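Please open the structure in your viewer and keep the selection panel at hand. The stops below say what to select next and what is there.

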Amino acid sequence: MATPPNARRTHLLLAALVAAGIGIGEAAAQPLQRARAAQDRGDLRTAQIELRNAVRAEPENGAVRAALAAVSLDLGDAETADREARAALERGHDPAGTTALLLRSYIARVRFEELLRDFPLPDGTAQPGVAAQVAAGRAIAQLARNERDAARESVAAALQLGPNSVEPQLAAASLALADGDRAAAEAAVDRALAANPDAPDALIRKASFQAERGTLPAAIETLGRLLAKAPGHVPARVLRGELLIRSGEDERAREDIAAAMRVSPGNVPATYLTAMLQARARDWRAADETLQRLSPVLPNLGDGLLLLATVKRALGQNGQAEDAAQRYFARRPEDPRAAKLLATMQMETNRHDAAAGTLQRLVDRGGADAEAYDLLGRAHAGAGRPREAVRAFEEAVGLSPENSGIRARLAAARLAMGDSAGTTRAAEESLRISPGQAGAREMLAVAALARGDLPGAQTELDRLDATQRRSEAAGTIDGLLKLARFEVAAARTAFETVMRDHPETIGARLGLARVATAQGNAAEAERLLGEVLRRAPSNPEALGRLMATATSRGPRAGAARLVLETAQAAAPNEVPLALALTAALGAAGEATRALAVLNTEEFRRAGHGPALPMARSMTHASLGQWVEAEQAARAALAEDASAVQPRRQLVALLLRAGNTRNALSVAEEGLRLQPGNGAMQQLLAGVVRQVQGEDAALALADRLAQAEASRPASLMLRGDLLLAAQRPADAAQAFADAHARYPSSELAQRAAAAFRAAGQVDRAMEIVTAWLARQPEDIGALNLAAQIDIQAGRNSAAEEKLMQLVQRAPDNAVALNNLAWLLAERGGPPELERARPMAQRAYLMLPNAETADTLGWILARQGETERAVALLRLAVNAPRPQGQPLDPGKAFRLAHTLRTAGHREEALRVIEPVLATGGAFGERAEAERLLADLRAGR
């Protein structure tokens with residue numbers, strides 16, 4: 001027994017009646033013949049009309065009434081089927097077959113409780129055929145009511161009473177499916193087909209099993225057998241239409257769906273498949289209109305909401321599209337199609353954090369495929385999280401190792417993470433798979449640039465063909481190469497060309513902003529960075545540069561802040577942009593306005609992470625709003641209990657309020673959650689020191705150092721506490737003692753640094769030298785040893801160590817810069833020539849004030865004055881933390897070079913304020929002579 005109507009039974013009844021004509025009067029014969037003809041062409045509605053005529057002609061003919069009941073079931077008219085089946089039974093027609101029709105009418109109307117009441121399990125007096133039908137019908141009703149044990153008894157009875165009947169076997173199949181045993185279910189269906197190869201319900205189920213296994217041609221053939229004899233069977237038409245769609249045979253599918261709709265115009269599955277076919281034909285408006293007719297039931301139609309989201313997106317109705325995708329994903333969070341569609345829409349509106357959250361839910365449920373991981377990588381990259389992007393792209397590569405595009409994006413993420421070697425490996429693998437892949441070639445060029453390898457970058461760029469060279473990325477790389485060679489005017493031309501050909505470019509705008517900065521045009525640079533933020537509100541370079549300027553309290557702070565305000569007004573829900581603006585407003589003393597940015601309805605919702613409520617807490621605290629500050633800190637901690645900063649903020653607020661007990665409790669909770677986290681250890685130790693004193697804090701540090709779960713971070717805690725107490729010698733000894741027990745690079749370096757701070761330079765060198773004898777490849781220790789040598793005036797020894805360091809770590813920009821400076825300080829042309837490529841690579845890898853100053857001064861002494869001026873301006877004008885004065889040595893070097901370049905007035909403006917402060921610096925005597933010469937017009 002099964003829910004779908006038995007059209008084949010209708011066909012057999014009509015065929016028998018028309019062929020035999022037994023007991024059929026003249027008045028009924030002609031309607032029966034017309035009904036049979038209509039049924040043969042699949043026109044069940046006409047067949048039903050003609051059968052009604054036959055019943056009116058011979059109301060006492062049970063066979064005609066049974067035929068009307070059967071065709072009515074096929075049309076979904078269960079009320080008529082019920083009435084006519086009862087009438088047929090009353091007239092003694094085929095008790096077993098007609099009882100089956102009556103039971104089906106109950107099931108079609110979902111009247112399971114009534115079925116069980118009206119059809120008790122037959123006793124031994126009932127005909128076996130009838131009893132088997134009743135038992136099978138009861139089993140179906142009991143399964144629908146989740147009465148599985150009772151259904152098991154009914155199935156057993158049905159099989160005993162009618163082992164060679166179709167309905168008992170189908171009831172057994174339904175029970176097996178409920179038990180999750182698909183193999184047993186299909187075996188029962190096969191037994192039903194052995195009993196009657198033309199049984200429609202069994203054929204439908206067989207086709208469904210075949211489709212589940214992916215054998216679509218076999219399933220389509222099975223349904224064809226059924227439809228050849230019962231062309232009006234709507235469920236078979238609908239199922240075959242669906243399978244034909246899945247097979248890409250849309251034209252054949254369209255014929256089946258149209259045939260089903262002719263028989264049953266309001267059929268919901270057929271209407272849904274019509275919308276699907278319209279969408280596949282890209283007739284989006286027609287698909288939308290069809291789906292609107294299904295709106296009350298669409299959420300319950302499998303992929304209905306997903307199809308609606310796709311159609312609405314194609315029509316540009318993005319809000320409705322995202323709403324439908326969200327609703328579907330809430331129901332089916334394991335479906336990668338929904339997650340990918342929703343995440344794509346979120347990324348299209350620059351909501352990369354939301355997209356990453358959507359895809360992470362899919363990953364957590366184990367439903368992510370290569371495409372989903374690829375999208376997750378893009379979302380993290382768009383949100384400025386290159387490390388997470390790399391992890392996602394690596395997962396995607398693992399699932400699709402021959403996808404060159406994913407490998408190229410992995411290369412880009414590694415580059416953003418600063419891993420030029422990893423970038424090169426990923427890009428080369430991409431090119432191995434797809435040698436003509438321009439994106440990977442571009443990544444190799446960018447990676448070479450990041451390493452300071454200008455010839456290598458140019459070589460990769462030259463390998464692109466003429467068409468590829470016109471791409472946005474290639475043009476931007478060309479501009480960066482020119483800028484790296486300090487061909488500033490040529491770089492400007494290159495970037496402007498990219499902007500003309502690709503008006504929405506981000507990279508070329510950033511490059512042109514760098515050119516503007518190098519040419520001293522801060523206003524143009526800020527305008528370009530603002531244009532970047534209008535297109536990519538979370539762009540880390542644009543945000544970082546503008547925020548650094550806006551928080552510096554320098555002459556351009558207000559202008560940079562205005563650019564951030566304009567960008568944030570255009571994208572009010574972008575978290576990174578809002579945080580950058582609030583930092584700028586806070587630095588300007590406009591905390592109330594900063595709160596207005598942070599207190600929007602969207603930002604007060606949970607789910608954005610701890611950064612927003614943390615910023616809110618800091619801002620409330622700056623206004624003396626302590627209750628609100630504490631509430632916001634708790635909200636931040638609720639977003640991420642493992643975050644240190646919100647916990648530290650909450651502890652500080654509790655201590656300020658005198659609530660030492662709760663402060664201790666909050667700090668202790670953090671350490672319980674992460675016993676090995678050094679920041680959590682320091683937080684608790686700091687609270688203990690403030691509440692119970694230094695001795696108690698040191699005792700805590702000693703206890704934690706003994707706990708294995710707290711190491712290795714706890715081994716540093718005693719020394720850190722002593723450093724905080726301004727006891728560097730004691731701290732150094734604490735680090736040294738811990739290092740003696742648990743030798744490590746970090747403890748060796750901390751001990752050496754503490755001994756330096758205590759003025760015991762020889763002891764510092766002794767510890768780091770001993771560690772290097774043990775671990776000669778330790779880059780950090782080698783760098784520290786070089787710094788100690790520089791501090792002690794042993795420049796030759798420092799050079800030797802730095803040479804070893806850059807040989808082992810050629811991408812260490814700090815070491816390259818320090819070595820270049822030491823070589824250049826010798827002053828001779830050979831040393832300057834050796835120093836220049838090192839300084840150039842250091843600047844390309846780490847373009848900051850220090851590397852710009854080193855390279856600029858080298859170029860100045862080599863006579864390349866204009867290029868030198870551009871770099872030295874960058875070094876002097878770079879934003880500085882609040883309260884940090886301008887380095888007078890940098891100002892002297894810029895002023896000296898400006899005079900050489902003939903810019904005497906600018907040189908005066910640079911050097912006069914520096915010397916007016918009266919502070920001492922190494923080049924002061926030279927700076928005073930320079931000022932005198934400038935004032936004298938020399």
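**A tour by selection**

Begin with Gln360, which is found in helix α21 (residues 352-364), helices being DSSP runs of H or I of at least four residues, numbered from the N terminus. The model is a predicted one, in which local features need pLDDT of at least 70 and side-chain atom pairs count only at pLDDT 80 or more, while totals for chains, interfaces and linings use all residues. Residues are numbered from 1 along each chain as its sequence is written, and side-chain values use heavy atoms, with hydrogens and water left out.

Gln360 counts as partly exposed because its relative accessibility is 31%, where buried means under 20% relative accessible area, exposed over 50% and partly exposed in between (1.4 Å probe, protein chains only).

Next, select residues 904-916, helix α55, whose 13 residues should span 18 Å at 1.5 Å a residue, which agrees with its end C-alpha atoms being 18 Å apart; the expected span is 1.5 Å times one less than the number of residues. Which residues of α55 are buried? They are Glu906, Ala907, Leu908, Val910, Ile911, Val914 and Leu915. To see what covers these buried residues, display α53 (865-877), α54 (888-900) and α56 (924-935), which are included in that cover. Finally, step just past α55 to Gly918, which takes a positive phi of about 80°.

How values were computed:
Helix = DSSP H or I, 4+ residues; strand = E, 2+ residues; numbered from the N terminus. Contact = heavy atoms within 4.5 Å.
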